[in-house]
Amino acid sequence: MRYDPPFHRTGGFWPALIALAVLAALPLVVTNPYARHLLILSFIFAVVASSWDLSLGFGGLFNFAHGALFAVGLYTFALTVKFLGLSPWLAIPLAGLAAVLVATVIALPVLRLDGIYVILVTIAVAQLLYQVTVSQSQWTGGTSGIVSLPALKLGGYSFIRDGRIGYYYTALALLVLSTAFLYAVVRSPVGRSIVALRDHKYLAIARGVSEGRTRLITLAASALFTGAAGAVYGGYVRVASPDVFGLSFLTLMLSILLVGGAATLWGPIVAAFAITFLSEAIVDFGPWREIAMSVLIILVVAFYPGGLWAAIQELRERLDALRTAARAALARRRGRGEREARMGGAPETMIATRHGRIAVSDTGGDKPAILFIHGNSACKEAFAKQFSALRGDFRLVAFDLPGHGVSTNADPETTYNVPAYAEVAEAVIAARGIARPLVFGWSLGGYVALELAARGHVPLAGLAICGTSPLAVAPEDFAAGYDASSHLILAGKPYFTRREAAAYAGSATAPKSPESAYLHRNLTRTDGRARAYMMTKITVVNWPRQMRMLRGGALPFAIINGADDPFLNHDYLRALTGSEGWPHDLVAIENGKHAPFFNTPAAFHAAFLAFCRAALARERAA
Amino acid sequence: MDLQSFVSILISGVALGVLYALMAFGLAIVWTTLGIFNFAHGAFIAVGAYLAWQFGSAAGLGLGYLPGAGLAVAAMFLLGVATQFVLVRPFERQKDIVLLTVITTLAGATILTNLLNVVWGPRMKQIEPAAGGELSFGLVHLRSQEAIMVVVVGATLAALAWFLLRTATGRSMRAVAQNREAAQLMGLDVHRLYALTFGLAAAVAGLAGIFIASIRFMSPNMGDDPLQKAIVVVILGGVARFTYSIYAAFVVGMIEAFSTYYVGLYWTPAVLFGLMILVLIVKPEGLFGRRQRSV
């Protein structure tokens with residue numbers, strides 16, 4: 001199952017583009033050479049740290065020779081430019097290739113080792129490289145390094161002029177290229193293998209991922225732009241000093257990586273600016289600066305292992321929760337009349353539950369009651385057609401799940417999961433005084449309905465689900481019960497781009513039309529955390545209990561699906577309902593898609609009413 | 001090569017081996033017992049030397065060589081316990097504790113080294129050797145300080161061996177090293193033993209620092225080179241038993257002595273690191289260890 005929109009269709013595209021535009025325009029505002037110097041260093045360090053993130057964060061491969069790869073790039077540049085007279089512009093890619101070559105050599109001992117041994121062997125390699133470099137002083141200048149390297153030039157224009165503007169854009173271009181490269185690697189099949197080896201090594205190997213080959217590629221890919229960055233650094237500071245082999249350079253890069261957030265790609269880039277400016281701001285404190293940076297590393301590792309990037313994500317989550325809560329609050333005040341009209345005049349009331357205040361539409365009366373439970377990122381108005389068509393014979397009740405529609409947002413940890421939603425349904429049934437309702441659950445609401453019935457706290461007259469595959473074992477059956485598609489990723493994705501929102505709403509109910517426009521609009525009100533937490537808490541539900549309840553056959557039950565539901569694995573459902581002793585019906589509605597009650601209401605009502613009548617007749621007989 | 005130079009190489013190899021055994025002991029015992037690699041070990045060596053200088057030398061408190069060294073070693077024990085408490089213990093329950101503690105002990109090393117810089121400044125210092133002059137027995141010539149070192153270190157290692165092999169506490173430490181859960185079920189206080197291990201490692205590192213400071217010069221970074229040597233020793237020896245790293249220390253000492261003579265001073269570190277990489281590739285469990293490849 002994979003969902004891979006191209007970069008320009010992800011939520012990160014605009015922030016990245018804006019950040020790039022700001023950085024490109026910054027020299028117009030920032031003319032101070034020292035500030036520009038820090039920015040240039042930030043770009044170069046961002047390249048080094050984010051490249052390191054590929055092996056350390058994504059690969060879980062602690063390559064402590066990463067600083068040495070930078071040094072290899074630096075010395076390759078210095079030696080080829082100074083002694084071979086190579087053009088600096090050719091020396092930069094050459095330095096990248098040299099670093100790749102060295103990384104390949106490093107990879108050979110690393111291939112067979114794990115954990116701490118990787119660290120030790122890479123430290124040894126770095127030391128070996130350092131010793132070799134320092135001992136060849138006739139070429140490398142020993143511990144004092146190679147000095148007075150030529151500046152970068154284009155035509156006759158030296159990049160030192162105009163406040164280092166040439167270096168600024170060279171370093172920025174390097175950062176853009178490096179980030180594009182890393183982004184592509186991380187999202188490629190190779191990138192998946194890298195992460196898979198880190199997280200589930202033996203499973204990945206069993207699935208055919210070659211550990212040796214992947215490690216080799218990881219190290220080589222992380223070396224390419226590190227070496228090139230070393231060359232640009234050499235062209236900029238115009239000295240190749242063996243200091244870059246040392247622990248303090250490594251510690252600086254490590255602090256950038258960890259403070260930014262390992263395995264995030266963007267985190268180290270953001271942190272490169274923060275750390276570079278921070279460490280320059282306290283440069284006057286001498287040894288205290290190093291102490292402060294080290295304390296920072298320890299604090300981050302101990303208390304905030306996600307780093308700066310996790311903080312940014314947390315902020316975003318909070319802002320998005322505020323936005324959705326504000327939208328719901330506004331809608332509660334303003335649009336009530338419109339919603340009641342939509343629901344055939346059924347009055348809307350707010351009910352206080354332990355999972356927040358819940359909006360309920362109830363046509364009232366003492367006819368047999370049907371409780372409707374909507375699906376993921378929908379709202380009670382999805383059942384508008386049922387409220388106008390069926391209210392003659394039934395009392396109709398529908399409610400907005402917490403974080404959906406005009407119900408309030410709730411604590412994601414306790415509320416955004418199927419058992420809590422079932423508690424909400426119980427609270428609604430109790431508060432509205434509904435006796436023995438028939439329950440109709442759609443999609444996620446189907447699971448809520450199943451859980452409600454399996455808990456057995458309130459008596460039900462019958463249960464029908466739609467677009468839901470009953471599960472016995474999670475997550476195995478979840479993977480089998482649905483057609484693995486991007487829809488399943490979206491169902492658990494906290495933030496939608498416009499395109500994703502339209503795609504999800506379109507496939508869950510119907511493509512945007514005047515009729516479905518309300519549901520499309522409502523989708524973006526849903527608390528994104530409701531999707532994410534619900535999906536990660538799939539496994540907390542007592543699925544076997546649901547299945548036992550269904551197989552017991554005491555409760556009238558039916559599955560009414562669109563025959564062409566794009567998300568269900570219809571074979572799974574056929575196998576389940578065809579299995580021995582399965583006592584219930586499986587009804588397929590032609591052209592119903594994922595929401596037959598919305599797309600083909602006439603056919604749906606025929607099947608649904610037949611079920612309801614049979615269930616009520618069975619109850620009367622009992 | 002005449003016999004005279006061969007013997008002097010041999011002797012310098014033994015002297016180095018003794019020193020390396022002392023430097024590597026702490027690293028090895030922490031690794032075998034806690035299963036982590038303490039990168040602050042080199043900083044411990046430096047701190048021990050500076051404390052001994054502060055307590056013992058005339059420029060410091062002037063307590064004299066032996067009291068100064070004794071106080072420094074005791075203080076190092078406390079520093080080791082504190083380090084374990086701050087840099088290792090918070091991560092004990094985490095799955096990737098090995099990698100996390102690499103990061104925290106590296107940071108700890110930076111902190112200690114820079115604190116030395118803040119307190120005592122970057123100027124070189126030296127601890128006056130306990131004894132000057134040379135000793136000669138036939139072909140054997142060595143500095144008195146080296147002779148003392150060989151004797152003291154030999155005694156220290158013997159005492160440590162006795163402690164680890166014969167006393168209840170030492171046996172408990174080895175039990176925790178072999179199987180933490182089982183040791184815990186037997187009622188051993190794992191945290192206390194971990195702290196004790198770290199303290200012992202730091203104290204021995206401090207002792208090594210005192211010796212280094214009397215045959216070389218002291219600087220805040222004086223622990224960097226010993227740390228690298230200790231890493232080479234521990235890798236070569238393997239972690240199955242702490243005694244392996246003592247054998248390995250002599251192997252490394254000899255290799256270094258002969259390599260300095262034949263290959264040259266500059267290339268010797270490269271030879272050692274090359275050898276270490278070779279061992280890691282061919283026999284990651286160490287020269288003396290049996291095949292047992294887990295982290």
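Author: A helix here is a DSSP run of H or I with at least four residues, and a strand is a run of E with at least two, numbered from the N terminus. Counted this way, the elements of chain B run α-α-α-α-β-β-α-α-α-α-α-α-α from the N terminus on. The model is predicted.

Reader: How many helices and strands does that give chain B?

Author: Chain B has 11 helices and 2 strands.

Reader: What share of chain B is buried, and by what cut-off?

Author: A residue is buried if 20 or more other C-beta atoms lie within 10 Å of its own. In chain B, 49% of the 295 residues are buried. Of the contacts in chain B between residues at least 6 apart in sequence, 72% join residues at least 24 apart.

Reader: What are the corresponding figures for chain A?

Author: Chain A has 28 helices and 10 strands. Its C-alpha trace spans about 100 × 50 × 45 Å along its principal axes. Of its 622 residues, 50% count as buried. Among its contacts between residues at least 6 apart in sequence, 76% join residues at least 24 apart.

Reader: Why is Asp114(A) called partly exposed?

Author: Count its neighbours. Asp114(A) has 15 C-beta neighbours inside 10 Å. Buried needs 20 or more, and exposed needs 12 or fewer. The count for Asp114(A) falls in between, so Asp114(A) is partly exposed. Asp114(A) is found in the loop between α4 (88-110) and α5 (115-135) of chain A. Its C-alpha atom is 64 Å from that of Glu619(A), 505 residues away along the chain.

Reader: What makes β3 and β10 of chain A edge strands?

Author: Start with the order. An open sheet of 8 strands runs β3-β4-β6-β5-β7-β8-β9-β10 in chain A, with mixed pairing. β3 (348-353) and β10 (585-589) each have a single partner strand, so one side of each is left without a neighbour in the sheet. From one strand to the next, the twist averages 25°.

Reader: How do you know that β9 and β10 of chain A pair?

Author: Two strands pair if DSSP finds at least two bridges between them. Strand β9 (residues 557-562) and β10(A) have 5 bridges, so they pass; the sense is parallel. One of the links joins Ile560(A) to its bridge partner Val587(A) in β10(A).

Reader: Which helix packs on the sheet, touching β3?

Author: Helix α18 (residues 418-431) of chain A does. It touches β3, β4 (356-362), β5 (369-373) and β6 (395-399) of chain A. The direction of α18 makes about 120° with that of β3(A).

Reader: What makes a set of residues a nonpolar core?

Author: The members are buried Ala, Val, Leu, Ile, Met, Phe, Trp, Tyr and Cys residues, joined through C-beta atoms within 7 Å. The largest core has 211 residues; Ile44(A), Leu22(B), Ala24(B), Ala49(B) and Met76(B) touch the most other members. Helix α8 (residues 190-215) of chain B gives the most to this core, with 17 residues. Leaving out residues up to four places away in sequence, Ile44(A) touches Ala171(A), Ala229(A), Val232(A) and Tyr233(A). A second, separate core has 86 residues, including Val360(A), Ala398(A), Ala530(A) and Phe604(A).

Reader: Which residues does UniProt list as "transmembrane region" in chain B?

Author: The unreviewed UniProt entry lists several spans, among them 147-165 and 193-218. In the model, residues 147-165 are 100% helix and 0% strand, with end C-alpha atoms 27 Å apart. Residues 193-218 are 88% helix and 0% strand, with ends 32 Å apart. For chain A, the unreviewed UniProt entry includes 91-110. That span of chain A is 100% helix and 0% strand, and its end C-alpha atoms lie 28 Å apart.

Reader: How many residues does the contact take from chain B and from chain A?

Author: The contact takes 32 residues from chain B and 31 residues from chain A. On the chain B side, α4 (97-120), α9 (224-237) and α11 (268-282) each supply at least two residues. The largest share of that side, 14 residues, comes from α4(B).

Terms used: Residues numbered from 1 in each chain as written. Chains lettered and ligands numbered in written order. Predicted model: local features only at pLDDT ≥ 70, side-chain atom pairs only at ≥ 80, totals over all residues. Axes fitted to C-alpha atoms, helices over the stretch in contact; angles between N-to-C directions. Contact = placed C-beta atoms within 7 Å. UniProt positions renumbered as here; feature names shortened; annotations may be inferred.
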